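User: I would like to learn how to read the features of a protein model. Could you take me through them in turn?

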Amino acid sequence: MALFSNDHAEPSPRSRRRLRAGWTLLTVGIVGALALSFVPSPYVIERPGPVFDTLGEVSVEGEAVPLISIPGEETYPTEGTLSMLTVNVVGNRETRPNWFEVITSWGNPSRAVLPLDEVFPPGQSLEQSNEQSAVDMQNSQKDAIAASLTELGYPLEATLTVAGFSPDSPSDGILAEGDEILRVNGEDPLDVTQLRSIIADNGTTSPVTLEIERAGSTETVEVTPRENPDGDGNPIVGITVGADYDFPFEVKIQLEKVGGPSAGMMFALGIIDKLTPGALNGGQDIAGTGTIAVDGSVGPIGGIRQKLYGAKDDGAEFFLAPAANCGEVTGNIPDGLTVFAVGTLDEALAALEVVAQGGDTAALPGCDG
């Protein structure tokens, strides 16, 4: 009996049809994939962005400088890292990601596919979006300095000023750039976060009363808020607000091409670490995110899942997450990363103390309850 044969059987007509059908399907698939790589989608993609250590250095105009510096004040050596996270957004109204990029991102746990209108509201240009993001970053830095110095016992006073207007703003023609906001519905907001909260609590069915100072005179005006067009549903009066504080000394935060308010808590922790003896983190690599208010309240942020993966990829072992983001954190924590849920600056400092002392981190609040 022969084990091998040089005879080649001729394929049957049925086999030839199957072969042709297979090649046809493969060709169609290749052509379809190529077509998808050119067709723009109505989505944008969020993915982990660069990570910055608030205790370390960054490049500004090609020169390495401390991300946080406090000239003229005594500062102390730091150890480990207290890193802030960023999110890269792939796409905008002018340049949208193609369907091939979107489809491959859907299956990636470190990425999020979001409707274009959710990230770039209709009527808002890319330039306006970038300007708002830059203002949010400036305010978050000021709020972080204010929160950290308040935590350390320095008394502060804040000034909130109208810096601009959003498209179709209900405040246009009522408020003016340069108006100083003194009170809102009888309350004295400490910072931009509290101002937004007062307006949100007012709702959209009745006007909000603002006491302002304009050209040296005090006036009272009313503006009826409308729902935020970016989809979060919060009532807004459509203004960009600048916050200024009378700080007892200079604190410089230098960071290029990064916007938004989400680094506030980590800025505040970095400032406190530099102004106090010992290492807050015990030399550990810790990352985190969250807005900060002058009273130390830590607020929710966007892109939390991408920031978790960004922290893990950067080598962090521990992560400070806003308690208000726990719904998005649960079930999305990368292996090897321990997440603590914090609602205030004091809670963040308490978590760092446990880590620094090698205590039982399992006893700290997490997003799993």
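Predicted model: local features only at pLDDT ≥ 70, side-chain atom pairs only at ≥ 80, totals over all residues.

User: How many helices and strands does the protein chain have, and what percentage of its residues is buried?

Analyst: The protein chain has nine helices and 19 strands. Of its 369 residues, 41% are buried. Among contacts with a separation of 6 or more, 73% are between residues 24 or more positions apart. The accessible surface is about 19000 Å², and carbon and sulfur atoms account for 50% of that surface.

User: How should I read a disulfide, and which cysteines does it join here?

Analyst: A disulfide is a covalent bond between the sulfur atoms of two cysteines. In this model the count comes to one disulfide. Cysteine 326 is joined to cysteine 367, with an S to S distance of 2.1 Å. The link of these two cysteines is left-handed, with -75° about the S-S bond. Cysteine 326 belongs to helix α8 (residues 326-329) and cysteine 367 to the segment after α9 (345-356), so the pair ties together parts 41 residues apart in sequence. Both cysteine 326 and cysteine 367 are buried.

User: What describes a pair of aromatic rings, and how many pairs are found in the whole structure?

Analyst: Such a pair is described by the distance of the centres and the angle of the planes. A search of the whole structure gives six aromatic pairs. In one of them, the ring centres of tyrosine 43 and tryptophan 106 are 5.9 Å apart and the planes stand at 75°, so the pair is edge-to-face. This pair links distant parts of the chain, with tyrosine 43 in strand β1 (residues 43-53) and tryptophan 106 in helix α2 (residues 99-106), 63 residues apart. Tyrosine 43 is partly exposed at 23% relative accessible area, and tryptophan 106 is partly exposed at 49%. Another pair consists of phenylalanine 318 and phenylalanine 340, whose ring centres are 5.8 Å apart with planes at 15°, so this pair is stacked. Phenylalanine 318 lies in strand β18 (residues 318-322) and phenylalanine 340 in strand β19 (residues 338-342), 22 residues apart. Phenylalanine 318 is buried at 12% relative accessibility, as is phenylalanine 340 at 3%.

User: Where is aspartate 179, and is the residue buried or exposed?

Analyst: Aspartate 179 lies in the loop between β7 (158-165) and β8 (180-184). A residue is called buried under 20% relative accessible area; aspartate 179, at 2%, is therefore buried. A polar atom of its side chain lies 2.7 Å from the backbone nitrogen of alanine 176. Leaving aside residues up to four places away in sequence, aspartate 179 touches Leu160, Thr161, Val162, Ile212, Glu213 and Arg214.

User: Is aspartate 168 buried or exposed?

Analyst: Aspartate 168 is exposed, at 72% relative accessibility. This residue is found in the loop between β7 and β8, and has a positive phi of about 55° although it is not a glycine.

Note on methods: Residues numbered from 1 in each chain as written. Heavy atoms only, no water. Helix = DSSP H or I, 4+ residues; strand = E, 2+ residues; numbered from the N terminus. Buried < 20%, exposed > 50% of the residue type's maximum accessible area, 1.4 Å probe, protein only. Polar contact = N/O pair within 3.5 Å; in protein donor to acceptor, adjacent residues only side chain to side chain. Contact = heavy atoms within 4.5 Å. Disulfide = S-S within 2.5 Å. Areas by Shrake-Rupley, 256 points an atom, 1.4 Å probe, with all protein chains shown as cover. Phe/Tyr/Trp six-rings, centres within 6.5 Å; stacked < 30°, edge-to-face > 60°.
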